[in-house]
Number of protein chains: 2
Amino acid sequence: MPSPSVFHEVLCAVFQVREHLPGEPPVLSVLLWQRAFDPQAGSWSLPGGSLQADEDLKSSALRQLAEKVDLRQVAHLEQLSVFSEPDRIPGPRVIASSYLGMVPSDSQPNLPQDTRWHPVSMLPEISFDHRKIVERARSRLAAKLSYTNIAFALAPAEFSMSALSDIYCAALGYPVDSTNLLRILSRRGVITATGTVGRTGPSGGRPPALYRFADKQLRITDEFATLRPPL
Amino acid sequence: MPSPSVFHEVLCAVFQVREHLPGEPPVLSVLLWQRAFDPQAGSWSLPGGSLQADEDLKSSALRQLAEKVDLRQVAHLEQLSVFSEPDRIPGPRVIASSYLGMVPSDSQPNLPQDTRWHPVSMLPEISFDHRKIVERARSRLAAKLSYTNIAFALAPAEFSMSALSDIYCAALGYPVDSTNLLRILSRRGVITATGTVGRTGPSGGRPPALYRFADKQLRITDEFATLRPPL
DNA sequence: ACAAAAGTGTTCGTGCTACACCCATGG
DNA sequence: CCATGGGTGTAGCACGAACACTTTTGT
């Protein structure tokens, strides 16, 4: 192995569906911190940092999130792609492995001063190539919502179907009918009824049945939309 | 950036659908080379090697395939995941980025002595964690066959539908009806008729119409099997 | 004429969307 | 008893699987 070794960093696009304006439906938001110093002081960056000698990438991602932004409730974390252009950031070469992370909508982590949730529909100025990572994370999340149970990582432990369809709507960017969503997800065995009911809302209405996700691990629920095996 | 830099290698799982036994339908095969020296002398490895200072990962992968196994007709190459366990191979730490590559079934690259195509159904002893990479590449390929036009990278420039369904069959591991395949792919605009016909086979029969792929770039052709946007 | 392979048409099932209608609760 | 939201039922459609039937060639 005669060739040069390089630095390696992990960058995490962590999403939460959260209320941005009170009374409005919740929106998909991503966790960013603001750079205090150059390069690109003032712009917003993804949390992350450099890989240590004794950890693999995923452990590193979890460590950085816990240490730097005090985030410990990551319900799901998966690899996106690697960004390896030699000049992707100024200074010595750093290869970035990007991750998609998600925290449930009911968790309220304590964040440092420089760190904030930003609705993905109104992102501030983003550092380096981090915007591309956010975009990729977003589209990966949208795609996986349709054929996996990945929403378990965005939803609280128990939820009404209208709350869940709000989450899908926020993540996908278009309305999702809660009545059909129930049928799809229960037929696939993704969610199960708890048997309990929630409280009725502030403006009246029937109290909703509550559901939970059957698994808290990622599962493919709709493999092979087409070209499936015979029999 | 106080932390250690590490070596970084690229590993390519390159597939071709090729005739293994004459007269039999073609099978999905992967390109491997046999290690002459320890560690793990005799076992078979994926082509690849270490990243240079001035190249990104994809360029590196293409370079290594051209230099080391004289392979220049790679029709598609995409990133799989990164393997970063500190002790994944003996010796100093090396992080591996894995790639999925594909070669059209009609190209016949010249291979070095130690390099050979192996049907994925009868793999030899594989080095280190390379088997895991082959498996992942295989399942990624199978998945993408159903919702993208990725078969363009496995098929020759022009082909009959029965030849194409042989390719799908080899890559998926189960039979694919050529008549339905035609309908699916032409409806999606993935393939178009050339207007010409091929030669009839050695055992007689009607000469087949020839088709070609409309794009030679990867395209998603069946986004959102479910939960699609309204209207 | 017959075998072999390609191409066409038809039936059927499945799964999702859309929407109308019914139910439960608070004021 | 009415407004508000939750839940159920149903019709329709789009797409693909399976398979029978027809067409075109070589021998």
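Student: Which residue stands opposite L100(B) in β6(B)?

Tutor: This is a predicted model, so keep that in mind throughout. To read a strand pair, look across from one strand to its partner. Here E78(B) stands opposite L100(B). Strand β5 of chain B, residues 76-83, is joined to β6(B) by 6 bridges.

Student: Do β5(B) and β6(B) run parallel or antiparallel?

Tutor: They run antiparallel. Now take strand β1 of chain B, residues 7-18. It pairs with β6(B) in the parallel sense, over 9 bridges. There, L11(B) stands opposite S98(B).

Student: How many residues of β6(B) are buried?

Tutor: Count those under 20% relative accessible area. In β6(B), residues 94-102, that gives 9 of 9. Then check each face. One side holds V94(B), A96(B), S98(B), L100(B) and M102(B). The other holds I95(B), S97(B), Y99(B) and G101(B). Both faces are covered.

Student: Why does E55(A) count as buried?

Tutor: Compare its accessibility with the cut-off. E55(A) counts as buried because its relative accessibility is 8%, and buried means under 20%.

Student: Which side chains make polar contacts with the side chain of E55(A)?

Tutor: Look for N or O atoms paired across side chains. S60(A) makes one such contact, at 3.0 Å. R63(A) makes another, at 2.8 Å. Leaving aside neighbours within four places in sequence, E55(A) is also in contact with residues of chain B: S84(B), P86(B) and R93(B).

Student: What are some individual atom pairs?

Tutor: A backbone N or O atom of A209(A) lies 2.7 Å from a phosphate oxygen of DNA strand D. A polar backbone atom of L227(A) is 3.2 Å from a phosphate oxygen. For a base, see R206(B): an N or O atom in its side chain is 2.9 Å from a base oxygen.

Student: Which element gives the most residues to the surface near DNA strand D?

Tutor: α4(B) does, with 5 residues. By class, that surface has 7 nonpolar, 10 polar and 7 charged residues.

Note on methods
Residues numbered from 1 in each chain as written. Chains lettered and ligands numbered in written order. Predicted model: local features only at pLDDT ≥ 70, side-chain atom pairs only at ≥ 80, totals over all residues. Heavy atoms only, no water. Polar contact = N/O pair within 3.5 Å; in protein donor to acceptor, adjacent residues only side chain to side chain. Helix = DSSP H or I, 4+ residues; strand = E, 2+ residues; numbered from the N terminus. Nonpolar A, V, L, I, M, F, W, Y, C, P; charged D, E, K, R; others polar. Buried < 20%, exposed > 50% of the residue type's maximum accessible area, 1.4 Å probe, protein only. Pairing = 2+ DSSP bridges. Contact = heavy atoms within 4.5 Å.
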